[in-house]
Amino acid sequence: MEESGFAGRDEAIARLTEIYNEKKAGPQSRSRAARIQKYGMMRFEDYVEEWKAGQRHLAVASVRHLDSLLEHHLYPALASRRMNSFDHKVVDGFIRTMERNGVGLATQSNAFDKLRAVLLDAHRLGIFPDNPVAGVKPPLYDPARAVIPSPEQLRAIRTAGDDAFMLIVDLMSGCGLRNGEAAAVNLSNIVADDVYRVREQVILSTRQYGPLKHRKEGEYRDVPLPARVRETIEWYARTHGTVDGYLLRQPTDASKPYPHWGMDNQWRRIRASGVVDIPKGMVLYGNRHFFASNCLSNGIPITDVAEWMGHKSLDVTFKVYRHLMPGSISTAARVLDLNLAA
């Protein structure tokens, strides 16, 4: 055995065992090993760019948000790091770096979510034997409690601006639409007397119609259409007309979608005037919060509310609107006791 280049019998047996295992594993195992070697040595920035190419489900606004997080937070800290060097300590160190730099908790949470998605993708490839984010304590972001107008305040708010503003407030408070979705209101979206189909939105960055948030082109969601909101839509169409079914267009150029600044400017003027009683801290989005409050306080299941509002997950709805849910442990105990005591 020494003549074959091995110092002793044990070394020769170990080498023969290694060769045997490689042959037994076959080409599939060798291919996996090559894949782990390739991607494991890849720089984080290069891996992410390849990963991004597969995120075809992201809307334009979501891609812009992702690019911003990469440019300002993830790449400055992690761009050159080899993928196989990530573990829970590296991830935790990244979070602490954001904390030291004074990054807001919402941004910290979003950046961590993106890093986690990338690393879990690499984990599925086999780069890491263990989940690299397991045990990491995520940023403790808790959305601020939504500021919601009372029914009396809402009635005053909806008539404090022009007709377009009233239509937008009705769509947000009555159907749960986002600002951009309300700006894309179209007569053809009334698919039943009590159902409005949300198909698109006016995207802030492009000022053009585009797919819904968290949705692909052509996807939609159906939401309840209260009679008063339907009447406002039909009244506005009769009074101001439509362009290809769209009710709202840019005031100075009817060939373009209704701009975000059209509603934002009016909201600022209404707040500054002091004529209307607006809750302290309320933003225009508070009209959409009213929809959630109205649903939950009347016993509509939170699962339905999450679907109608177009939330990506039920967790989002629960975090923001948990305090609006009428139930409590004490209430549940009393209700459950009814049949138990019978």
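Phe86 is buried in this predicted model, with a relative accessible area of 5%, where buried stands for under 20% relative accessible area, exposed for over 50% and partly exposed for what lies in between, computed with a 1.4 Å probe on protein chains only. The model being predicted, local features need pLDDT of at least 70 and side-chain atom pairs count only at pLDDT 80 or more, whereas totals for chains, interfaces and linings use all residues. Residues are numbered from 1 along each chain as its sequence is written, and side-chain values use heavy atoms, with hydrogens and water left out.

A pair of aromatic rings is described by the distance of the centres and the angle of the planes. Rings of Phe, Tyr and Trp (for Trp, its six-membered ring) pair if their centres lie within 6.5 Å, and planes under 30 degrees apart count as stacked, over 60 as edge-to-face and the rest as tilted. The structure holds five aromatic pairs; in one of them, Phe44 and Phe86 are tilted, with 5.5 Å from centre to centre and 50° between the planes. Because Phe44 lies in helix H2 (residues 44–53) and Phe86 in the loop between helix H3 (60–78) and helix H4 (88–100), this pair ties together parts that are 42 residues apart in sequence. Helices here are DSSP runs of H or I with at least four residues, strands are runs of E with at least two, and both are numbered from the N terminus.

Ring pairs also bring in Tyr75, linking Phe44, Tyr75 and Phe86 into a cluster. Over the face of Phe86 lies Arg81, at 5.9 Å from the ring centre; a charge sits over a ring if NZ of Lys or CZ of Arg is within 6 Å of the ring centre and within 35 degrees of the ring normal. Elsewhere, the charged end of Arg197 sits over the ring of Tyr220, 3.9 Å from its centre.

The helices that carry Phe44 and Tyr75 meet as well: Phe44, Glu45, Val48, Glu49, Trp51 and Lys52 in H2 meet Leu66, Asp67, Leu70, Leu74, Tyr75 and Leu78 in H3, contact meaning heavy atoms within 4.5 Å. Two packed helices are described by the angle between their axes and the distance between the axes. For H2 and H3, the angle is about 160° and the axes are 11 Å apart, the axes being lines fitted to C-alpha atoms, for helices over the stretch in contact, with angles that run from 0 to 180 degrees between N-to-C directions. H2 and H3 are therefore roughly antiparallel to each other, a term for angles over 145 degrees, while those under 35 count as roughly parallel, 65 to 115 as roughly perpendicular and the rest as oblique. H2 passes H3 in a right-handed crossing; a crossing is right-handed if the near helix is turned clockwise from the far one by less than a right angle, and left-handed if anticlockwise.

On the H11 side the contact is made by Arg288, Phe291, Ala292, Cys295 and Leu296, and on the H12 side by Ile302, Val305, Trp308 and Met309. The crossing of H11 and H12 is right-handed.

In helix H6 (residues 151–158) one finds Gln153, which is buried with a relative accessible area of 15%. Leaving aside its neighbours within four places in sequence, Gln153 is in contact with Ile148, Asp277 and Pro279.

Some loop residues present another picture. Most residues other than glycine have a negative phi. Arg207, in the loop between strand S3 (201–202) and strand S4 (209–210), has a positive phi near 60° and counts as exposed at 56% relative accessibility. Asp244, in the loop between helix H9 (227–240) and strand S6 (249–250), has a positive phi near 55° and is exposed, with a relative accessible area of 71%.

Across the protein chain there are 14 helices and seven strands, and buried residues make up 40% of its 342 residues.
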